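Dear colleague,

Please find below the structure that I promised to hand over.

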Amino acid sequence: MEYYRRLDVRQAISDFAHANGGSGERECAFYNARTKGIQRHLGEHPIFLDSTAAFDRALASGATAFYCSYWRYPGQDFSRPLGHDLVWTVRARRGGLRFARTVTASVIEALADGGVPEPWVKYSGRLGFDLL
């Protein structure tokens, strides 16, 4: 996608992926349009968006949306992840984007009623919304 070739977009994603104060890297993933699913590994290693080449490999593999997790790894020890996250993806197979927006708003309201702070919401283009 041309959008992800923009330097400012790549920098914003990279800044978020490295916003942990140097104690490791956040694992990244992408939505693979070819396989129609989330891809968390390229080969046997988790995806890290730490260079132009990493973005290029992901795009060449079919990436159309990027995610950065709270799972971090000290150094390159992939057997010892630190932290955790929960991501809900709202995709409306029927009802389109309007329905996905309504469901997303309802989930945010339910989380607030349960005392959960406002989640981060990412618009995934025509796909729907992701809540972290």
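This is a predicted model: local features need pLDDT of at least 70, side-chain atom pairs count only at pLDDT 80 or more; totals for chains, interfaces and linings use all residues.

Residues are numbered from 1 along each chain as its sequence is written, and side-chain values use heavy atoms, with hydrogens and water left out.

The structure holds 4 aromatic pairs (ring centres of Phe, Tyr or Trp, for Trp the six-membered ring, within 6.5 Å; planes under 30 degrees apart are stacked, over 60 edge-to-face, the rest tilted). One of them joins tyrosine 3 and tyrosine 4 edge-to-face, at 5.3 Å centre to centre and 75° between the planes. Tyrosine 4 also pairs with phenylalanine 66, and this pair is edge-to-face because the planes stand at 80°, with the centres 4.7 Å apart. Tyrosine 4 and phenylalanine 66 are both buried (under 20% relative accessible area; exposed is over 50%, partly exposed in between, with a 1.4 Å probe and protein chains only).

Turning to the sheet, 3 strands (DSSP E runs of at least two residues) form an open, antiparallel arrangement in the order S6-S8-S7, where pairing requires at least two DSSP bridges. S6 and S8 (residues 129-131) are joined over 3 bridges, and valine 90 stands opposite phenylalanine 129 in S8.

Best regards

Methods
Helices (H or I, at least four residues) and strands (E, at least two) are DSSP runs, numbered from the N terminus.
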